[in-house]
Amino acid sequence: MSIGFAALLAAGVAAVWTTMRSQAHTDMVNHTYTVKLAIAHTQTLIEQGETARRGYLLTGDPDYRHNYDVAALQTAPEIARIARLTGDNPVQRRNLATLRPYLRALFAQRASTNGQIARGDKADALTSFLNEKGARRMYHIRAVLAAMGDEETRLLGVRDMEQRNTVRAFYGVLAAAGVLLMIVALLSITTVQRYTRDLAQSRDTLRDFADSLEDLVAERTTELTRANEEVQRFAYIVSHDLRSPLVNVMGFTAELEAATATITGLIDRAEQDAPEILSDEVRLAAREDLPEAIGFIRTSTQKMDRLINAILKLSRQGRRVITPEPLDTGALAATVRASVQHLLDDRGAELEIAQPMLAIVSDRLALEQIFSNLIENAVKYLDPKRPGRIIVRSRREGVRAIFEIEDNGRGIAPADHARIFDLFRRSGQQDQPGEGIGLAHVRALAYRLGGTIDVASELGRGSTFRINLPITYVEAPTTRTERDPA
Amino acid sequence: MNDHRSVSIVMIEDDEGHARLIEKNIRRAGILNDITHFTDGTTALDYLFNHADGPAHNGPALVLLDLNLPDMSGTAILAKIKSTPALKRTPVVVLTTTDDKVEIQRCYDLGCNVYITKPVNYESFAQAIRQLGLFLSVIQVPEIEGN
């Protein structure tokens, strides 16, 4: 496109240039005509002068003399004019140089004969006229002037040709420009058409996309919900099926323990009655190895049971039916504060609920659990080096409610900010009881309420947990039909 | 105790370990009734409904039922027992790992008499079984008196 326009511009420049050239050539041709005219005029003047002189010579009539003088007077300026006009042409300069002596001689001769007549020496004048080599001189003058005329005619031919060439070139340039113009126009039209087509296509695509976006969102939401339910069902089944063997492990461990007690009793009796039948190994096995092994089995199974229960609890949380109701979150937070008041008192900490707190529509139980978990955590992980201070606040952001639980506790290392929300994961010094379930639970609840949770924390400075919930809970589309078999 | 009239116990439990633990604790509670053990629902149902010694044809029984069975759901067995006139008075004790409230509710709706969760904590488990033993000795009495 731009090349096309550049070519067009070049064609325009070329057209201007050829026009200028053409103008110059026209000027040159005109100039040649002027020169030719001047040569012809000079010749005429010379011939006129000769005629008038001859008339004067024959009749002595002063009218002829006057005519001669007029012609003679005009000759010199005309020659000068030719010299000026043809100053750039060496051929003509040479011709003029040849002409000038002849003319000087001619005019001297004429002046002499005219003077003789004026004095009355008509006979002398006639004689000198007859003796004159004038005819010869005139012949030369005519020849030179003819040569000059021929030279100009030649020049005219050359210039004429040049002019014609220029005109031809001009037409060529014009034609090329025309073709270029057509090409550029075609290109422009094609480009514009293509752009228009593309634009229309994008518009259609956009419209289709907008139309299908809603379906897409619904589809994805359904998929997500289904995947989520799948995970929950999985967690539920797994936790149940894992419990079954655990019942056996614990049950038979208890049987082993009972048996161990029996055997230990027997060994105690043998120790008294017949110590010689006992070896150290037997004593060690009954009194240390067996109880130790049983103890480890027991604590491990108990822990496993707690973990399985945690998974079960989480999976239940996801399946729980949410019943949205208008909630005064300030009152809700106050309830939670009352439930942890003894802990706060123990640690000399205080909990401030920044009024006013938002009123939202959500599930009371879920929100209470979220608050209680986060506040309990804040109390649990306060820094003993400074008086604990926990602030609960809320603010509105569009259709979302933001709740913040801020503490000045021991903080969480940046690497753990995402990890702490995972099940069974904990952060920092493990000096507090817990299985790493609370925050996973809170996050599951937040998701269930259509919200999110994140944390901003600096180690040794404190943490701020931020929950983002819809002001009004809206039930997500669900594929759930009936509850799962146990 | 009259052996002919005594309640026979039908235990439907696919986990051998659980079955053994249940039996041991029943015995420890002093219950000496016969215990017939089935590990799947099909043979258990066949025994309950068709066998000559089964409760449908021969005297009182008590069913210990696990809900997680390989071939069918325990609730299906429960529903069948409770919808058959010859068996619907037979007490059914559901013994399972599920402590889901809805599940428990459903079992009671179907007519289960006692629902016991198998706790991992063995002491509570043994305790529950022994209480079940007491329950068994209680229901034995009217059967004897009735005859």
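**Exercise 1. Which residues of helix H3(A) are buried, and how does the span of the helix compare with what 1.5 Å a residue should give?**

Solution. Start with the buried residues of H3(A): Gln92(A), Asn95(A), Leu99(A), Leu106(A), Arg110(A), Thr113(A), Asn114(A) and Ile117(A). Now look at the spacing with helix geometry in mind: an α-helix has 3.6 residues a turn, so residues three or four places apart point the same way. Next comes the length. H3(A) covers residues 90-119, which is 30 residues, and at 1.5 Å a residue these should span 44 Å. In this predicted model, the end C-alpha atoms of H3(A) are 43 Å apart, which agrees. Finally, step just past the helix: Gly120(A) has a positive phi of about 95 degrees. As background, most residues other than glycine have a negative phi.

**Exercise 2. Repeat the length check for helix H8(A), and list its buried residues.**

**Exercise 3. In what order do the strands of the open sheet of chain A stand, and which of them are at the edges?**

Solution. Trace the order first: the five strands run S2-S4-S5-S7-S6 (chain A), and the pairing is mixed. S2 and S6 of chain A each have a single partner strand, so they stand at the edges, with one side of each left without a neighbour in the sheet. On average, neighbouring strands of this sheet are turned by 15 degrees against each other, direction ignored.

S2(A) runs parallel to S4(A), residues 389-397, and four bridges join the two. Within this pairing, Glu350(A) stands opposite Arg389(A) in S4(A). Helix H7(A), residues 329-347, packs on the sheet and touches S2 and S4 of chain A. The direction of H7(A) makes about 175 degrees with that of S2(A).

S6(A), residues 452-458, pairs with S7(A), residues 462-470, in the antiparallel sense over seven bridges. One of the partner pairs is Ala456(A) with Thr464(A) in S7(A). Three residues lie between the strands of this hairpin, where Gly460(A) takes a positive phi near 85 degrees.

**Exercise 4. Where does the cis peptide bond between Gln355(A) and Pro356(A) lie, and what is its omega?**

Solution. The bond joining Gln355(A) and Pro356(A) has an omega of about -5 degrees. To place it, find Pro356(A) in the loop between strand S2 (350-353) and strand S3 (359-363) of chain A. For comparison, most peptide bonds are trans.

**Exercise 5. Is Asp69(A) buried, exposed or partly exposed?**

Solution. Locate Asp69(A) in helix H2(A), residues 62-85. Then count: Asp69(A) has 16 C-beta neighbours inside 10 Å. A residue with 20 or more is buried and one with 12 or fewer is exposed. Asp69(A) therefore counts as partly exposed.

**Exercise 6. Describe the sheet of chain B and the helix H1(B) that packs on it.**

Solution. Five strands form an open sheet with parallel pairing, in the order S2-S1-S3-S4-S5 (chain B). S2 (35-38) and S5 (114-117) of chain B have a single partner strand each, so these two are the edges. From one strand to the next, the twist averages 20 degrees. S4(B), residues 92-96, is joined to S5(B) by four bridges, and Leu95(B) has Ile116(B) as its bridge partner in S5(B). H1(B) packs on the sheet, touching S1, S2, S3 and S4 of chain B, and its direction makes about 170 degrees with that of S2(B).

**Exercise 7. How many residues does each chain give to the contact, and which elements of chain B take part with two or more?**

Solution. Chain B gives 17 residues and chain A gives 15. On the side of chain B, the elements with two or more residues are H1 (16-28), H4 (101-110) and H5 (122-146). H1(B) supplies the largest share, three residues. By class, this side of chain B has six nonpolar, seven polar and four charged residues.

**Exercise 8. Where in chain A does pLDDT stay under 50?**

Solution. Begin with the average: chain A has a pLDDT of 84, with 97% of its residues at 70 or above. Among its elements, S5(A) has the highest mean (91) and H4(A) the lowest (79). The stretch under 50 is residues 479-486 of chain A.

Key
Residues are numbered from 1 along each chain as its sequence is written. Chains are lettered from A and ligands numbered from 1 in the order in which they are written. This is a predicted model: local features need pLDDT of at least 70, side-chain atom pairs count only at pLDDT 80 or more; totals for chains, interfaces and linings use all residues. The expected span of a helix is 1.5 Å times one less than its number of residues. Two residues are in contact if their C-beta atoms, placed from the backbone, lie within 7 Å. Ala, Val, Leu, Ile, Met, Phe, Trp, Tyr, Cys and Pro count as nonpolar, Asp, Glu, Lys and Arg as charged, and the others, Gly among them, as polar. Two strands pair if DSSP finds at least two bridges between them. Axes are lines fitted to C-alpha atoms, for helices over the stretch in contact, and angles run from 0 to 180 degrees between N-to-C directions. pLDDT is the predictor's confidence in each residue, from 0 to 100.
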